[in-house]
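Biologist: I am new to this one, so could you walk me through some of its aromatic residues? Please tell me how each label is reached.

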Amino acid sequence: MGETGLTFDVGAIQYMYPGKQGAAVEADTTEIYGAMGWKWFTVKYSYYLSDEVFGFADADGSDYLAISASLPLGETGLTAGASWGTFSFDNNSAVDYDDWKISLAYDMGKLSSVTSGVTVGVAYTDTNADKAVWTDANGEYLGDATTTVWISKTAIIKPFKLDEVREALSAIGVTGLTVTEVKGFGRQKGHTELYRGAEYVVDFLPKVKIEVAIKAELLERVIEAIEKAANTGKIGDGKIFVTSLEQVVRIRTGESGPDAL
């Protein structure tokens, strides 16, 4: 917002759980949210419109407030993070909880140009969720403290190579990915086309962005698999970016960290 350093984000999210439901209460949830940020700090408020909220009945009007901070530590390459959140379930106060997290990430590019773009990090997450309420049918306490070590990476490739990349990742044990159609250019610098006899430049070329969240030990194998499957030997084959992933939570079960991948 101008030169104030303020940022904002508003939106809506629909969580959908396909397949036959084993419980009487649906887990599908509708959320609207608003967030405001300033430099290293962010405040986000979420409000839930659906009658059922993540499997709890008559919970429309539930809300979640989160406050977080991410602070670079000088020129060290380290970034410290902390967050606190409180979830209030309407008509289901017994399942209310607070959660908190502290994290530390390191930019490996500070060590060598070879590791430029690689970030590693560790985070500790805990809650005060009632154990009697948040223990599942398998006896697992879903609100238990969790320590997570993470690495995530993003690859941008030519669209027609998507199936080959997906098959290559599946072959090494990657069980999920997100695909987004994007536009951009690098050394390729776009191309020219003709319209009604006039030549014009198309600066942005269609690409496919693949995002994969993985355990740290899979990183080198995933990079190798994408390089081999997406390579045509021509300009525009794409790039691979490796970035940090602070936390992962499987909404249906509450699993977090590596167990949620």
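Modeller: Happy to! Let me begin with a cut-off: a residue is buried under 20% relative accessible area, exposed over 50%, and partly exposed in between. Keep in mind that this is a predicted model.

Biologist: How many aromatic pairs does a search of the whole structure find?

Modeller: The search finds 13. One of them joins tryptophan 40 and phenylalanine 41.

Biologist: What makes the pair of tryptophan 40 and phenylalanine 41 edge-to-face?

Modeller: Ring centres must lie within 6.5 Å, and planes over 60 degrees apart count as edge-to-face. Here the centres are 6.2 Å apart and the planes stand at 80°, so the pair is edge-to-face.

Biologist: And why is the pair of phenylalanine 89 and tryptophan 134 called tilted?

Modeller: Their planes are 50° apart, with 6.3 Å from centre to centre. Stacked needs under 30 degrees and edge-to-face over 60, so the rest count as tilted. This pair links distant parts of the chain, 45 residues apart: phenylalanine 89 lies in the loop between strands S5 and S6, tryptophan 134 in the loop between strands S7 and S8.

Biologist: How do you know whether phenylalanine 89 is buried or exposed?

Modeller: Buried means under 20%, and phenylalanine 89 has 3% relative accessibility, so it counts as buried. Tryptophan 134, at 17%, is buried too.

Methods:
Residues are numbered from 1 along each chain as its sequence is written. This is a predicted model: local features need pLDDT of at least 70, side-chain atom pairs count only at pLDDT 80 or more; totals for chains, interfaces and linings use all residues. Side-chain values use heavy atoms; hydrogens and water are left out. Rings of Phe, Tyr and Trp (its six-membered ring) pair if their centres lie within 6.5 Å; planes under 30 degrees apart count as stacked, over 60 as edge-to-face and the rest as tilted. Helices (H or I, at least four residues) and strands (E, at least two) are DSSP runs, numbered from the N terminus. Buried means under 20% relative accessible area, exposed over 50%, partly exposed in between (1.4 Å probe, protein chains only).
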